[in-house]
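Visitor: I am new to this one. Please put it up and walk me through it.

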Amino acid sequence: MNISDGERRRATRVDAQLMSDLWIFRAVARLGSITAAAAQLHVTQGAVSQRVLRLEQRLGVNLFTREHTGVRLTASGGLLARSMDDVSASLQSALTQIQRLERRALVVSCSPSVATEWLMPNLRGFYREYPDVELQVRAEMTTPSVAWMDAEGVDVLIDYGHTAVEGVHELARVQEYTLPVCSPELRRRLDEAGDTLVDVELLHDSAAWPEPFGSIANEWQEWMAVRGPVPGVNVIAERRFNLASLAYQTAIYGEGIALGRIVSVQRLLESGELVAAVDADLVSSASHRVLAREPAGTDARADRFVQWLTESLQQTQQDSARRLGVVPR
């Protein structure tokens, strides 16, 4: 397609028609099909074809190669599609930031286990101390990154693991400790067995480890490296989960011994649903890392939340250790 310099300048002037046609083009480019794009956009196939053709005529280039099975981007089409993806991401980020500013809520993301077993039961303490700060808590499993936090509008992410996360700001870190826990009934059986070994399943949460799911490297291996085999136990099987709370609930039902993170099992120990499976001190494990897109001091709401979170996590550990009569190692 040949167009004059004047026509080229007019063609590339950003206006409402161009933006509308570009959005239609992006849908076709992402789906590789005019028919699929029409269905997604809830318009006719002919309307999509006409809009794409109008855009090609305006720009003076072919954006697609038409094939029997669909459409394929040309070199120019690929360049334009990537640019539209960047525009979409930038707009989404801006809209998310506007929504956050309007609602003035600090968006906090953490694993479902931390959210349900510790954060939500303790959150009223934060609101008592900072009644002017609104929190939006989201429980989700994710791989921490600035790109994900930007796209999802997350201000603070509570991550649990052994390795630092690059590209984000670490505002605080709290060392976690572990202790084998089980149901009161299973503990009674262990105490009454004397020198006889009790058949027991070990319950794992593998999500916090960098190795692939199901690897032999896990929290139990870490704990046994310090404390040795669990006394009085004959391990007959190992069951793995991707959430610590699933392992804890299985232990409550008497199905085995879980390795409890002292923060997450606090509520279950207080209620008596779980008890220490052995008389042993705590063993250091992974860390709770409080991550943010911006450095400390940028957002006063985040600074207040991080201070409260750090102090409360440490207080929980101290209270649980005192109740159990154990000390960290």
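Visitor: Which strands do the buried residues of helix 9 pack against?

Guide: A word on the model before that: it is predicted, local features need pLDDT of at least 70, side-chain atom pairs count only at pLDDT 80 or more, and totals for chains, interfaces and linings use all residues. Residues are numbered from 1 along each chain as its sequence is written, and side-chain values use heavy atoms, with hydrogens and water left out. Helices (H or I, at least four residues) and strands (E, at least two) are DSSP runs, numbered from the N terminus. With contact meaning heavy atoms within 4.5 Å, the buried residues of helix 9 pack against strand 5 (156–161), strand 6 (169–182), strand 7 (198–205), strand 9 (257–261) and strand 11 (283–292).

Visitor: Which residues of helix 9 are buried, and why do they line one face?

Guide: Buried means under 20% relative accessible area, exposed over 50%, and partly exposed in between (1.4 Å probe, protein chains only). In helix 9 (residues 219–227) the buried ones are E219, W220, E222 and W223. They line one face because, seen down the axis of helix 9, they fall within an arc of 160 degrees. That arc is taken from the directions from the helix axis to the C-beta atoms.

Visitor: Is W308 buried or exposed?

Guide: W308 sits in helix 12 (residues 300–324). Leaving out residues up to four places away in sequence, it touches W118, L119, N122, L123, G125, F126, E129 and Y130. W308 and L123 are 185 residues apart in sequence, yet 9.8 Å apart in space, C-alpha to C-alpha. The relative accessibility of W308 is 5%, so W308 counts as buried.

Visitor: How many salt bridges does the whole structure have?

Guide: A salt bridge is a side-chain nitrogen of Lys or Arg within 4 Å of a carboxyl oxygen of Asp or Glu. Salt bridges link D21, R51 and R54 in a network. Searching the whole structure gives 25.

Visitor: How many residues apart are R304 and D132?

Guide: R304 forms a salt bridge with D132, and their closest N and O atoms are 3.0 Å apart. R304 lies in helix 12, while D132 lies in the loop between helix 6 (112–129) and strand 4 (134–139). The pair links distant parts of the chain, and the separation is 172 residues.

Visitor: Which parts does the salt bridge of R239 and E201 tie together?

Guide: The closest N and O atoms of R239 and E201 are 3.3 Å apart. The two residues are 38 apart in sequence.

Visitor: What is the phi of H42?

Guide: Most residues other than glycine have a negative phi. H42 lies in the loop between helix 3 (34–41) and helix 4 (45–59). At 73% relative accessibility, H42 is exposed. H42 is not a glycine, but its phi is positive, about 60 degrees.

Visitor: In strand 2, which residue is the bridge partner of T65?

Guide: Strand 1 (residues 64–67) and strand 2 (residues 70–73) run antiparallel, joined by four bridges. Two strands pair if DSSP finds at least two bridges between them. A hairpin connects strand 1 to strand 2 through two residues. The partner of T65 in strand 2 is R72.
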